[in-house]
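Biologist: I am new to this structure. Could you take me through it?

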Amino acid sequence: AIRSDEAALLVGDTGTGKTTVVQHIGQMLGKEVLVYNFNEQSESAELIGGFRPIDVTMHLMSELVSSFTTAFEQTFSRKKNAKLLERARGDFLARRWP
């Protein structure tokens, strides 16, 4: 693998020094070593990525609350309306919206 500049897959029991040997060889050759630890439960998404579900409502509400807070603070006194802003923030975090 070293001479042909190709990737290598090392398989063996835990603690036998596979990673240490490869890191040492990489250091000696001045090459970057990327280490990926896999096991029987590993999935391809761990290596190449994958899609995760997101809460679209929470994302949209977050943008809305941020825009509201910015506009509110540019128009009204933040200090005088601290309780209202804190209540709005608390309601948002608790997902209390119609």
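Modeller: Start with M58. Leaving aside neighbours within four places in sequence, M58 is in contact with F92, R95 and W97. This is a predicted model.

Biologist: What makes these pairs a contact?

Modeller: Contact means heavy atoms within 4.5 Å. F92, R95 and W97 are in contact with M58 on that basis.

Biologist: Where does M58 lie?

Modeller: M58 lies in helix α3.

Biologist: Why are α3 and α4 called roughly antiparallel?

Modeller: Their axes cross at roughly 175° and come within 11 Å. Angles over 145 degrees count as roughly antiparallel. Therefore α3 and α4 are roughly antiparallel to each other.

Biologist: Which residues make the contact?

Modeller: From α3, they include M58, M61, V65 and F68; from α4, they are L84, L85 and F92. By class, the contact has 8 nonpolar, 1 polar and 1 charged residues.

Biologist: What makes the surface patch nonpolar?

Modeller: L34, Y36, F38, L47 and I48 form the patch. Leu, Tyr, Phe and Ile are among the side chains taken as nonpolar there. Together they have about 590 Å² of accessible area.

Terms used
Residues are numbered from 1 along each chain as its sequence is written. This is a predicted model: local features need pLDDT of at least 70, side-chain atom pairs count only at pLDDT 80 or more; totals for chains, interfaces and linings use all residues. Side-chain values use heavy atoms; hydrogens and water are left out. Patches are made of residues with over 30% relative accessible area and no salt bridge: like charges are joined within 9 Å, nonpolar side chains (Val, Leu, Ile, Met, Phe, Trp, Tyr) within 5 Å. Accessible areas come from the Shrake-Rupley method with a 1.4 Å probe; for residues, only the protein chains shown count as cover. A salt bridge is a side-chain nitrogen of Lys or Arg within 4 Å of a carboxyl oxygen of Asp or Glu. Axes are lines fitted to C-alpha atoms, for helices over the stretch in contact, and angles run from 0 to 180 degrees between N-to-C directions. Helices (H or I, at least four residues) and strands (E, at least two) are DSSP runs, numbered from the N terminus. Angles under 35 degrees count as roughly parallel, over 145 as roughly antiparallel, 65 to 115 as roughly perpendicular and the rest as oblique. Ala, Val, Leu, Ile, Met, Phe, Trp, Tyr, Cys and Pro count as nonpolar, Asp, Glu, Lys and Arg as charged, and the others, Gly among them, as polar.
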